[in-house]
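Please look through the structure shown here.

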Amino acid sequence: MTAKNQEVDPLISGFLFDYIRLSVDKDDFDLFKNTINHTSLMNVHNPRFIQDEIHTLLYKEIHPPLFLHDSSVYEKIQTEISCFEFLLKYWTCKDFSSVSVIANAYRLYEMNLEKYIFSITKSEELIQEIAKMYGTDRDGVLKMVETTINSINVVDESDYFCITKQFDLLYISLNLHFTFYRIGAFIIFAGKQKRVNSARYLKELWDHTHPDDASGINLNETPALFDPLWLTYLHFYGGKNVESWTRATFSLHLGFDDYHGPEKYLYQYYLLMITRCVERAGSTLSLSSVEELDHLKAKEPYKFKEFFEFANIFIRESAILLSHCDNLIQDSHQWDLLFNDHARESFEKTREWIKSNVEYCEKISIELKKRMVPDNEKIGYFSQKVLEEYLNTSIVDKLAEVRKFNEVTDSDLQFIPIDTHNENLVKGWFFKEDDSLVDYIFTEFGRAISREERFHVLNTIKNASSIEIQTLKEIHTSAIMGKITDIVSQMKNDGLNPSVIFLPLELTTQLVKEYLGNFDTLKISDDTSLIIVNSNNRWEFKEIVILDKSAGAWIYKPINNTDERISVEIAPNEKDELSMKILVKTTINYSIVKPEAVKILKFDLSVVPQV
């Protein structure tokens, strides 16, 4: 398939869409019918038919028994054909532009195949081995080689069978059917906004070549393919591998008149077509069975990943699909023409089809997750998020003199862990295919450690008998602020450099109201500001603590011979195949080494300071 085709075809499709839309806009049913008739006579088969044709042609190239002399080569070719089949069946529906990529891959495949076949003629030993295997002579083997090459050439060069031509036709067919899929959605829109008889137009689109009174078999077909897998891939990805394509109205040029968007109508048209599939008892989505999953994981991992993605998108979409299906049920009388006067019953079957497939997708998703291995890059990414948030929020270097553990001087000290953990993280988050926005969950682990550091420092200070405690007898905010200022000034006169203040949140709030500070810093003078550590619902305290970091020594045990203070361990949960566990930890010793560098103020009454 040429790049020129990819450039020209969307222009033709756009013109065709606008032309047919005009006939619907004007409610010119005869013009619409005439357009469907001409399209049906174009002899462009539906995408599924062409995909099957290409698949059949590929298998024709490996049918000669010549390859059976080497089972490993035969298996390799079978694997490659299976991969081509998968790409044709799934990826071309997911992303139309992939047709050209697959076509190029086929050419490389063909070149390697011919190269392998010709290599046989260069080995007399191999020729004799094949001759013996098939009861022939040297000339017989060479004739087999010639027959095989001719078989490939027939498949690749014949005007009728040419694979290259089939790839071109597939791309045209995909875009043609997608254009009429959008037309179908526009017809529903026109019925809502312009009082057009949508059911009449859709019946013509679906059944023009097979009217109710047809007396023979007609091989021509309208550009409406009732294949549930094809329809669902089209609904999910829009032929562009873009999940949110139904919402991207203007960027994909899908808008319907003025500011009307197509999403509602695209959902309804998908469900109408699925309902026709369900009515015809051809509604399977062709997902793998649970029994096949181990084989897929070992031999065809690309299918394994694709089914995982598909199952999870179907689960996510199910609530919206059910909602739109309920709307169709409510207005079912409008669609009786399409379903032999029993549209309501048909839509109710579609609703059950959605629920049944959701249940199966949930089942298959769980089984897939059990077998999937978390991606190391994802684990590393989330671990880095924890570390980054810890470094952004930790103020331990402002609370204490921080240094690394020294075996000579610190071996007798008692160290404690500060940690946070969770054994029920969703395993799916760690798969490369998953795009869940869960960074915030992992950043919270980093913040949790930095909070615990502050808690530990304050608790150690409160429990230290060597630190002087002063009592506040006046609880007016102006008096409290004056006392804090006096203490900070005295500490600076004593050669200290206070940098942090622990404040009850009620007091901070009052100071902010009176414009004496903000929630992050408390300005004492032009050259002195203190970092505020507030109390909260999970960590209440009533004292005011003013701190110079020289008051305490914070000694940490480094991680794996580095200078890192915290470790992040993410691993599978051995007790639950669908979960991962995380442990974030730092091991420290904190002690007061200079009591005079800390000042504690306590209130006489445990009340919120007032003016």
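Lys 557 lies over the face of Phe 415, at 4.9 Å from the ring centre. A charge sits over a ring if NZ of Lys or CZ of Arg is within 6 Å of the ring centre and within 35 degrees of the ring normal. Arg 276 gives another case, with its charged end over the ring of Phe 226, 5.2 Å from the centre.

This is a predicted model, in which local features need pLDDT of at least 70 and side-chain atom pairs count only at pLDDT 80 or more, while totals for chains, interfaces and linings use all residues. Residues are numbered from 1 along each chain as its sequence is written, and side-chain values use heavy atoms, with hydrogens and water left out.

Rings of Phe, Tyr and Trp (its six-membered ring) pair if their centres lie within 6.5 Å; planes under 30 degrees apart count as stacked, over 60 as edge-to-face and the rest as tilted. Phe 236 and Phe 310 form a tilted pair, 5.5 Å centre to centre with 55 degrees between the planes. The pair links distant parts of the chain, 74 residues apart: Phe 236 is in helix 10 (residues 228–237) and Phe 310 in helix 13 (residues 301–330). Helices (H or I, at least four residues) and strands (E, at least two) are DSSP runs, numbered from the N terminus. Phe 236 is buried, with a relative accessible area of 3%, and Phe 310 counts as buried at 1%. Buried means under 20% relative accessible area, exposed over 50%, partly exposed in between (1.4 Å probe, protein chains only). Ring pairs join Phe 236 and Phe 310 into a cluster whose members include Tyr 233, Phe 314 and Trp 353.

A search of the whole structure finds two cavities of 30 Å³ or more. On a 1 Å grid over the protein atoms alone, a cavity is a set of points where a 1.4 Å probe fits but cannot get out, and lining residues have an atom within 4 Å of a point. The second largest cavity holds about 40 Å³ of space; a volume is the space filled by probe spheres set on the points, which are joined across faces, edges and corners. Among the residues lining the second largest cavity are His 177, Trp 230 and Met 273. Helix 8 (163–193), helix 10 and helix 11 (263–279) each supply at least two residues of this lining.

Methods. On a 1 Å grid over the protein atoms alone, a cavity is a set of points where a 1.4 Å probe fits but cannot get out, and a pocket is an open set with protein on both sides within 12 Å along at least five of seven lines; lining residues have an atom within 4 Å of a point.
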